[in-house]
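Subject: Structure for you to look at

Dear colleague,

I am passing on the structure we spoke about, together with some notes on what turned up when I went through it. Please open it first and keep it beside you while you read on.

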Amino acid sequence: MDLSNLKPAAGSVKTRKRVGRGPGSGRGGTSTRGHKGAQSRSGHSTKVGFEGGQMPLQRRVPKFGFKNRNRVEYVGVNLDVLQELADKFKLSAIDFDTLTSHGLVSKKDLVKILGRGELTAKVDVKAHAFSATAQQAIEAAGGSVVKL
């Protein structure tokens, strides 16, 4: 070891420039903030989406449409799914608990029975809503419809 290969210990030298520590530091005076204006002052923060006075994107893009906050969302279950359940598990009645236990709907969902597919099994179905074709198909197969 000699003077030509001396190095400071690892982690002892800070690489971050310290600002606002007097003119001798090279970063005194305005402390890299420029002269005057909002960004030179302490406590300054811009609003999210602020574009320097230019009309922000959120206000430039056209708005359209309408979201009804009172809309009732149903989870659809089709007749072919009911037929599959009835065949597989030999069911004569299908209600909300049956659908939740087989993972077709979750506990907070509202269920609507829809008319896709064919139903040949005589099944008593309990659900929150039915389409007209689904109701006719269930009753035609000898089953019954009960709205919850």
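Strands β1 and β3 run parallel to each other and are joined by four bridges, and in this pairing V77 has I113 of β3 opposite it. Please keep in mind throughout that the model is a predicted one. Helix α2, which spans residues 79-89, packs on the sheet and touches both β1 and β3, with its direction making about 60° with that of β1.

The sheet in question is open and is made of three strands in the order β1-β3-β5, with parallel pairing. Because β1 (75-78) and β5 (129-130) each have a single partner strand, they stand at the edges, and one side of each is left without a neighbour in the sheet.

Strand β3 covers residues 111-114, and L114 belongs to it. Apart from neighbours within four places in sequence, L114 is in contact with G76, V77, N78, L79, S131 and A134.

As general background, nonpolar side chains in soluble globular proteins tend to be buried together.

Strand β4 deserves a separate look. One of its faces, with V125 and A127, is covered, while the other, with D124 and K126, is uncovered. In a regular strand, side chains alternate between the two faces of the sheet. Strand β2 (residues 93-94) runs parallel to β4 and is joined to it by two bridges, with V125 as the bridge partner of I94. Strand β6 (residues 144-147) is likewise parallel to β4, here through four bridges, and D124 stands opposite S144 of that strand.

Finally, some values for the protein chain as a whole. It contains four helices and six strands, which follow one another from the N terminus as α-β-α-β-α-β-β-β-α-β. The radius of gyration is 35 Å, whereas a compact globule of 148 residues would have one near 15 Å, and the C-alpha atoms fill a box of roughly 95 × 55 × 20 Å along the principal axes. Of the 148 residues, 19% count as buried. The accessible surface comes to about 11900 Å², with 52% of it belonging to carbon and sulfur atoms. Among contacts with a separation of 6 or more, 40% are between residues 24 or more positions apart.

Terms used
Residues are numbered from 1 along each chain as its sequence is written. This is a predicted model: local features need pLDDT of at least 70, side-chain atom pairs count only at pLDDT 80 or more; totals for chains, interfaces and linings use all residues. Side-chain values use heavy atoms; hydrogens and water are left out. Contact means heavy atoms within 4.5 Å. Two strands pair if DSSP finds at least two bridges between them. Axes are lines fitted to C-alpha atoms, for helices over the stretch in contact, and angles run from 0 to 180 degrees between N-to-C directions. The radius of gyration is taken over C-alpha atoms; the globule rule is 2.2 Å times the number of residues to the power 0.38. Buried means under 20% relative accessible area, exposed over 50%, partly exposed in between (1.4 Å probe, protein chains only). Accessible areas come from the Shrake-Rupley method with a 1.4 Å probe; for residues, only the protein chains shown count as cover.
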